[in-house]
Amino acid sequence: MAGTLRLLFSLTGILLAYAVYILGPPLQRSLTVLGVFRREPLSTLSAEEIIVIQDTTHCEDLHYYAPSNTLFAACEDNPNTRFGWFPPLATFDDPELGRRGRGSIHVIDPKTMKSQRLAFENFDTTFVTHGIDVIADPEQENAVYIFAINHLPDGTLPKARSQIEVFHHVLGSPSIRHIRSVWHPLIRTPNDVYASSPTSVYATNDHRYREGLLRTVEDVYSGAKWTDTVLLTIDLSVTTDSAAGVVGSVALKNMHNNNGLGHGRSPNEILIASAAGGVLSFGEILPNGSITVVDSLQAESVIDNPSYFADGAMGVSGFVLPGVARGVDLEHTKRDPDATNSVMVWFAWEQEAPLPHWGQRLLFEDDGSKIRSASAAVLVPVESGGVALGEDKKAWLFVTGFQSANMIAAKVDL
Ligand SMILES: *[C@@H]1O[C@H](CO)[C@@H](O)[C@H](O)[C@H]1NC(C)=O
């Protein structure tokens, strides 16, 4: 009996040691990235150095469209909705509040630092905003297609029936036209979109589980590579039913918490951020539409929507990676309108030497008092912004947050 017990104990010990050996490094990395050991960062800039852009409440995603020198954002507008209904944070408390959500697409002029809500031409229904993409209309000069995630409440399980809205906008006009809604069973927990053409759109599913213990495992364990990025091929002439004229396929599987997407250095580069893992994957879109990851970098914090910045005149290029400094706090701050979530915005660039391959530095950080919960950040060349700075290697940094009262802009050194 004693012998059997001893054997059992030593077997348990071996199994435990094996589990720690296997789980240890990714678990430790996750805890570091989630900021468990991180003190609240201080603010790098004073309030005087920051421009607050009015009427930009809870804008999760932000894109810079260089041809028109315009920023586009998807904003919740109503300051209450996000604290009662936001499936990406597993907040399902008030579906009725969600149903009444009427978010909008904003255009922001970096010269005036003013935001304008685009008026919908034919879209007066629930719009719970999240990730967007903006691409040129290849058939109409001066126009863009805008793709946007919409987290519709569903009266029954599985609680949310998230879909993608397709819009068309003539640059400079005050309105935006809804073309169609897109739903497919592969779109389960969508976070962001990336359009490679007006009819080919990638969407990340950020989790496999909508809530519960296994979702928490996905959040804290970077080895939980349980989700995917899907490709939707859309017939834009079909407008009757969101599921009609949509073909879906899995473009990239076995990903951990894949989240924000961004356009990269070439038309077939797709940037995919693993939020909780703090990993930026550099994907290549293959001729058949599948994605293969060709490189990656490890950031020190959670990262959300990535963007690429290149300024030939300054000779600077790199990736802007925003995130919350202490992702670990989100679970208990997500319903609190008064909480602050400190933020970090990283700049990463490819370098020949010294190793490692990716240089990284902190571009901006804030204690959460000026900007809460950074989820997207873009750089805009100074000559495109409001003030001629006459200084080398500076750019305007725009930062927005999924729970920030307003977007901000500040000039930063590159
Ligand atoms: C796409 O092409 C790649 C590379 O040839 C291949 O590995 C992958 O299986 C293909 N995907 C599909 C869905 O056919």
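**The disulfide and its surroundings**

Mentor: A search of the whole structure finds 1 disulfide, meaning a pair of cysteine sulfur atoms within 2.5 Å. This is a predicted model, where local features need pLDDT of at least 70, side-chain atom pairs count only at pLDDT 80 or more, and totals for chains, interfaces and linings use all residues. Residues are numbered from 1 along each chain as its sequence is written, and side-chain values use heavy atoms, with hydrogens and water left out.

The partners are Cys59 and Cys75, with sulfur atoms 2.1 Å apart. The torsion about their S-S bond is about 100°, so the disulfide is right-handed. Cys59 lies in strand 2 (residues 59-65) and Cys75 in strand 3 (residues 70-75), so the pair ties together parts 16 residues apart in sequence. Strands here are DSSP runs of E, at least two residues, numbered from the N terminus. Both cysteines are buried, that is, under 20% relative accessible area, with exposed over 50% and partly exposed in between (1.4 Å probe, protein chains only).

At 59% relative accessibility, Gly315 counts as exposed. The C-alpha atoms of Gly315 and Lys393 are separated by 8.6 Å, though the two residues are 78 apart along the chain.

Now Val399. Not counting residues up to four places away in sequence, Val399 touches Val345, Phe364, Ile371, Ala374, Ala376, Ala377, Met407 and Ile408. Contact means heavy atoms within 4.5 Å.

Definitions and conventions:
Helix = DSSP H or I, 4+ residues; strand = E, 2+ residues; numbered from the N terminus.
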